[in-house]
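This briefing goes through one protein model by topic. Please have the sequence and the structure open while reading.

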Amino acid sequence: MKFAHSFKEELQNNEYPPEWLDAAIRYRQLKKCIKKVQRELEELGLTIDMLKLLAEEKNYHVVPADRKSNTKSETQQDIHDTMTRRDLAKSSGGDSSGVCPNEESGESDVLQNKRTNTANIGSDDDEPEWSGQGIKLSYWFDGTLQSFVPKLFLTVDSCQGIPVNLGLAPDTRKALEDLVHALAFQMHHQGDAWSTATPNPTTTRITEVGELEKKGDAEKRDHISPDASVEGEKKQKRKRRDSQQNIQIPLSADVEFFRTLTHEISSLDVIQSKEEQRITNNVVLLGDSVTDVVKPKSFTKDSDLYSWREIFRIYLESGIFISQLEREGRIQRTVEMAEEKLKWFQAELKRVGVTKHFKNKHSLELFKNFMDLNMSILRLLRFQSINKTAMRKILKKFDKRTALGAREAFPTFIASDPFLSSELAKAICYTMNDRLLNIIPQLDDYLCPICSSISVKPVRLDCTHVFCVRCLVKLQREKKQFCPICRGDVVLTANADNLDISLLNFLKHYFPKEAKLKQAENEKEVALEQFRALQARSGSVECSIM
């Protein structure tokens with residue numbers, strides 16, 4: 001099934017609001033714009049085959065050390081290239097010597113005052129070189145997200161023109177030459193033509209790296225110091241780099257395509273922002289309502305504290321939208337995975353039957369609101385995902401028909417846009433954790449780190465770490481003076497003043513069942529210790545009964 005059809009079905013079958021549908025990517029309309037771009041390129045002589053061939057050319061490379069001194073075998077090809085450059089220069093009315101016009105003048109007059117060298121330039125020793133073996137097609141976006149213009153540039157070497165070893169068919173080469181000459185002629189009349197400064201007359205020859213060099217410099221090359229030789233190589237690299245010239249190819253249909261796409265992305269930003277705010281407000285309201293029904297039994301008789309605690313525990317364990325496992329990096333889940341996790345959460349609640357134990361008449365309604373909230377998040381994520389997919393697909397089709405490389409250039413240009421940059425699920429889940437899930441304390445947050453049970457009669461040491469009183473008594477009996485967590489010398493100095501009264505009351509209110517059970521275990525353990533001590537003392541005294 002074609003994506004355009006499946007995209008349309010996805011939008012229709014999920015009952016998205018009308019304003020969402022109006023903001024969705026107009027995939028079919030953008031496909032029509034792509035055809036316009038393709039026709040415009042073909043009218044300029046840039047067929048898809050030519051564009052693909054140009055896109056595959058590598059114009060910059062770092063010459064390996066073992067190749068810098070092994071290029072004499074390329075001399076014949078260099079001579080052939082030089083003759084071709086002379087023919088091209090004659091046909092365009094330029095200098096026919098085969099020498100770069102800007103060889104002596106330093107910095108070249110680059111058209112549009114922009115460089116399109118996309119190679120990574122590191123140290124001078126590893127500077128990318130203009131290889132002279134290709135021609136570069138550059139497509140990029142100039143401006144800001146609010147106002148930008150896509151630009152297409154053809155980068156050629158003003159010394160070498162279109163090299164003969166580019167692998168172009170005769171008809172293709174002729175079409176490309178005509179295009180370059182026509183654009184150069186047009187720019188010449190606009191005052192943006194290549195520099196035509198004539199170099200000083202001097203004898204030139206082909207060097208080992210395919211460059212034209214002054215005869216006097218060539219004679220001195222074997223007699224200069226190593227440092228001067230290195231500096232000379234760097235200078236030659238800069239000259240080769242400066243000989244690049246950019247010719248802008250005027251297009252208009254691509255402007256329509258990308259402005260339409262950008263407008264739709266902006267509309268999606270508005271939808272996303274409004275829906276995120278609506279969900280956030282609902283989370284806050286739900287949190288306030290749940291707070292009323294989970295008050296401890298000491299405050300209300302129809303408390304659903306334990307039921308909601310179990311719901312939230314299973315919810316956190318499921319990690320519907322964000323993985324809760326550190327080994328997974330707490331990544332945002334895909335829409336498909338989130339949907340699967342949400343189904344598991346619903347099935348687990350049904351298996352446990354937690355909603356059947358509700359006592360408060362408002363709890364069931366609040367639970368339905370909680371599930372609707374999660375479905376709203378899932379729906380928004382699905383809508384965002386399908387539109388991101390539509391954007392990727394349409395850019396892929398744009399590149400397939402034009403070979404301009406927009407699939408990489410455009411997402412990079414709009415990378416800061418909320419539609420692409422924001423992690424929606426993480427933002428919403430953070431609010432949900434802060435304003436809803438955390439209103440009910442979970443038992444795992446109040447366990448003694450030694451016995452792993454609730455810290456009834458919690459003792460807070462001077463290092464602020466908390467232990468249950470039974471475990472602390474055992475540490476003191478064993479004369480252990482260091483805190484098991486931070487190794488602070490605080491255990492033996494603890495006394496009744498270290499009992500955390502406020503935490504004790506909190507635990508009794510919010511964990512009454514667990515506190516009562518732990519208290520019973522403590523009393524049983526104390527009774528057993530007393531019995532063993534009595535038994536030990538009685539065993540050491542002789543019986544006086546005959």
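A residue is called buried here when its relative accessible area is under 20%, and exposed when that area is over 50%. By this rule, Arg470, Cys471, Leu472 and Leu475 are the buried residues of helix H17, which spans residues 469–477. The model is a predicted one. The protein has 19 helices and nine strands, and 42% of its 546 residues are buried.

**Overall figures**

- Of the contacts between residues at least 6 apart in sequence, 73% join residues at least 24 apart.

**Helix H1**

- H1 runs over residues 3–13, and its buried residues are Phe3, Ala4, Phe7 and Leu11.
- These four lie on the same side of H1, because they cover an arc of only 100° around the axis.
- In an α-helix there are 3.6 residues a turn, so residues three or four places apart point the same way.
- Gln12 and Asn13, on the other side of H1, are exposed.
- The cover over the buried residues of H1 includes helix H2 (18–23), helix H3 (27–43) and helix H13 (363–402).

**Helices H12 and H13**

- Two packed helices are described by the angle between their axes and the distance between the axes.
- For H12 (residues 335–352) and H13, the axes come within 10 Å and cross at roughly 165°.
- Angles over 145 degrees count as roughly antiparallel, so H12 is roughly antiparallel to H13.
- The crossing of H12 and H13 is left-handed.
- On the H12 side, the residues that meet H13 are Val335, Ala338, Glu339, Leu342, Phe345, Gln346 and Leu349.
- Their counterparts in H13 are Phe367, Phe370, Met371, Asn374, Met375, Leu378, Leu381, Arg382 and Ser385.

**Phe413 in helix H14**

- Phe413 belongs to H14, which covers residues 406–413.
- In sequence, Phe413 and Leu145 are 268 residues apart, while their C-alpha atoms are 7.9 Å apart in space.
- Leaving aside residues up to four places away in sequence, Phe413 touches Phe141, Gly143, Thr144, Leu145 and Phe148.

**Arg470 in helix H17**

- Arg470, a residue of H17, counts as buried because its relative accessibility is 10%.
- Beyond residues up to four places away in sequence, Arg470 is in contact with Asn522, Glu525, Val526 and Glu529.

**Positive phi values**

- Most residues other than glycine have a negative phi.
- Lys479, which follows H17, has a positive phi near 60°.
- Ala403 is not a glycine, yet its phi is positive, near 60°.
- Ala403 sits in the loop between H13 and H14, and its relative accessibility of 14% is why Ala403 counts as buried.
- Lys457, also not a glycine, has a positive phi of about 50°.
- Lys457 is located in the loop between helix H16 (424–435) and strand S8 (458–460).
- With a relative accessible area of 38%, Lys457 is partly exposed.

How values were computed. Residues are numbered from 1 along each chain as its sequence is written. This is a predicted model: local features need pLDDT of at least 70, side-chain atom pairs count only at pLDDT 80 or more; totals for chains, interfaces and linings use all residues. Side-chain values use heavy atoms; hydrogens and water are left out. Buried means under 20% relative accessible area, exposed over 50%, partly exposed in between (1.4 Å probe, protein chains only). Helices (H or I, at least four residues) and strands (E, at least two) are DSSP runs, numbered from the N terminus. The arc is that of the directions from the helix axis to the C-beta atoms. Contact means heavy atoms within 4.5 Å. Axes are lines fitted to C-alpha atoms, for helices over the stretch in contact, and angles run from 0 to 180 degrees between N-to-C directions. Angles under 35 degrees count as roughly parallel, over 145 as roughly antiparallel, 65 to 115 as roughly perpendicular and the rest as oblique. A crossing is left-handed if the near helix is turned anticlockwise from the far one by less than a right angle, and right-handed if clockwise.
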